[in-house]
Amino acid sequence: MKLCMIGTGYVGLVSGVCFAELGNDVICVDKDIAKINKLKKSIIPIYEPGLEELVKKNYKSGRLKFSTDLAESVRKSNIIFICVGTPTIKNKYEADLSQVYSVTKEISKNIKSFKIIINKSTVPVTTGDKVEKIISLKVKKQLFSVVSNPEFLREGEAIRDFIYPDRVVIGTSEKKSNKILKNLYSPLISKGAKYINTSRRAAELIKYASNAFLATKITFINELANLCEKLDINIEDVSIGIGTDNRIGSRFLRAGPAYGGSCFPKDTRALIDTAKKSKSPLSIINTVINSNNKRSHLLLTRIAKILKNKIKNKKITFLGVTFKANTDDMRESASLKMIPFLNKKGAIINYYDPSGKKNEFEKYKNVKFKNNIKDACEMSDLIIVHTEWNEFKLLDLKKIVKKRNFIIYDMRNIYSAEKMKKQKIKYFGIGK
Ligand code: UGA
């Protein structure tokens, strides 16, 4: 099939490349000329394991193309995916849909034969209705169909998640579009993905409800971890104990710092905005947002306690600063609250992240990036494991750190408390 992905962010680029890998002809479009020129040279704008190889392979085969010409790309394709960003409007909970509507207008000027226009961007319920209305101002109803097809891939696991999804959700009541899209996704369905056809509005809500539910699960376990710390219980025992009940499920029950990233914080806020506009409150999600917002401060209080309230001049190392492993993404990472706070209290901070130096910390005098673990840790009083990168999991910190009484605060519970005790290392985890 001939596909066009508008927007080469996480969702657009990964889906486009994977669709090409499945044998389709795909044009990835972006208005950012520099980005498109780089992609043509297989220079990938994001850190995502396996993506570069797939881009190279499919670009070479001719199935994957990159373009800045939206009009021509739309004309050449049968299925158009809208994959632009829907960030939160500053100081509001509402999603900014300006990019969705502006590309919709461009698309509507270039429909001469039947096209399916798919919203893959995460958009509030009724956005599909509005997109349809905009297009119908220029195009006859028989020539287009607007469908919602949310994406559930995770950063860092994006290719695997795309190729082996649990489900494919297609929001349309039109038989013709449903048939074409079932065929497009048939390679994934034959590998076990469930195909779910719903109304367009239901598909839009499924995306928000999924992210909000997962954010709730994490917040639930994080709050239980706080309780475990008071009662001398290991949260990991509780996660296993409840997660093995199939009705609950074991995934997304790892306690840690506040959840972050470009999706959970943004999407929980946007869902609250939708609920508010519909005058149907979602009090649980509101509580989740508030609890998560407070979490960084709560962990900072614990750091102060661990350091006996003597933060000034303490050498603190952050291992990992991104919001999770296998990504270079800093959006809404808990480290963005923690590092400036500790810096303000007079700590001297080194950080190391496998995805490299971060501009976000450039303005702080006593926050320095070290390009290896040894330099980051050797003079440290306190090592904070903030992100669960694999390369941190088997470190012999006793050998690396020169200070005798250094402390580890393992915010991802990647180390065994027993082993640390045996090595006589002062160790603190989350929820234990
Ligand atoms: C999330 C969803 O998992 C994807 O299904 C969805 O497609 C995506 O948002 C999106 O809407 O585009 P992502 O933001 O890449 O994916 O990251 P997750 O792996 O879900 O992690 C989000 C946050 O939760 C991270 O800060 C992570 O560290 C935290 N987390 C996750 C925990 O603290 N504990 C867990 O058990 C799992």
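# Reading the cavity, pocket and ligand shell

Me: How do the residues of the lining of the largest cavity divide into nonpolar, polar and charged?

Reply: The lining holds 3 nonpolar, 4 polar and 2 charged residues. Ala, Val, Leu, Ile, Met, Phe, Trp, Tyr, Cys and Pro count as nonpolar, Asp, Glu, Lys and Arg as charged, and the others, Gly among them, as polar. The model is predicted: local features need pLDDT of at least 70 and side-chain atom pairs pLDDT 80 or more, while totals for chains, interfaces and linings use all residues. Residues are numbered from 1 along each chain as its sequence is written, and side-chain values use heavy atoms, without hydrogens or water.

Me: What is the volume of the largest cavity, and which residues line it?

Reply: On a 1 Å grid over the protein atoms alone, a cavity is a set of points where a 1.4 Å probe fits but cannot get out, and a pocket is an open set with protein on both sides within 12 Å along at least five of seven lines; lining residues have an atom within 4 Å of a point. Points are joined across faces, edges and corners, and the volume is the space filled by probe spheres set on them. Here there is 1 cavity of 30 Å³ or more, and the volume of the largest is about 40 Å³. Its lining consists of N119, S121, T122, V123, S148, P150, A203, E204 and K207.

Me: Which helix gives the most to the lining of the second largest pocket?

Reply: Helices are DSSP runs (H or I, at least four residues), numbered from the N terminus. The answer is α13, with 6 residues; α10 and α13 (283-306) each supply at least two. This pocket has about 300 Å³ of space, and among its lining residues are N226, E229, L298, R302 and F428.

Me: Which residues come nearest to the ligand?

Reply: A residue is near a molecule if one of its heavy atoms lies within 4 Å of it. Of 19 residues around the ligand, F152, L153, E155, K207 and N211 come nearest. K207 also lines the largest cavity. In the ligand shell, α10 gives the most, 3 residues. Domain 1 (2-198) and domain 2 (212-432) each contribute at least three; the bounds come from an automatic or database domain assignment.
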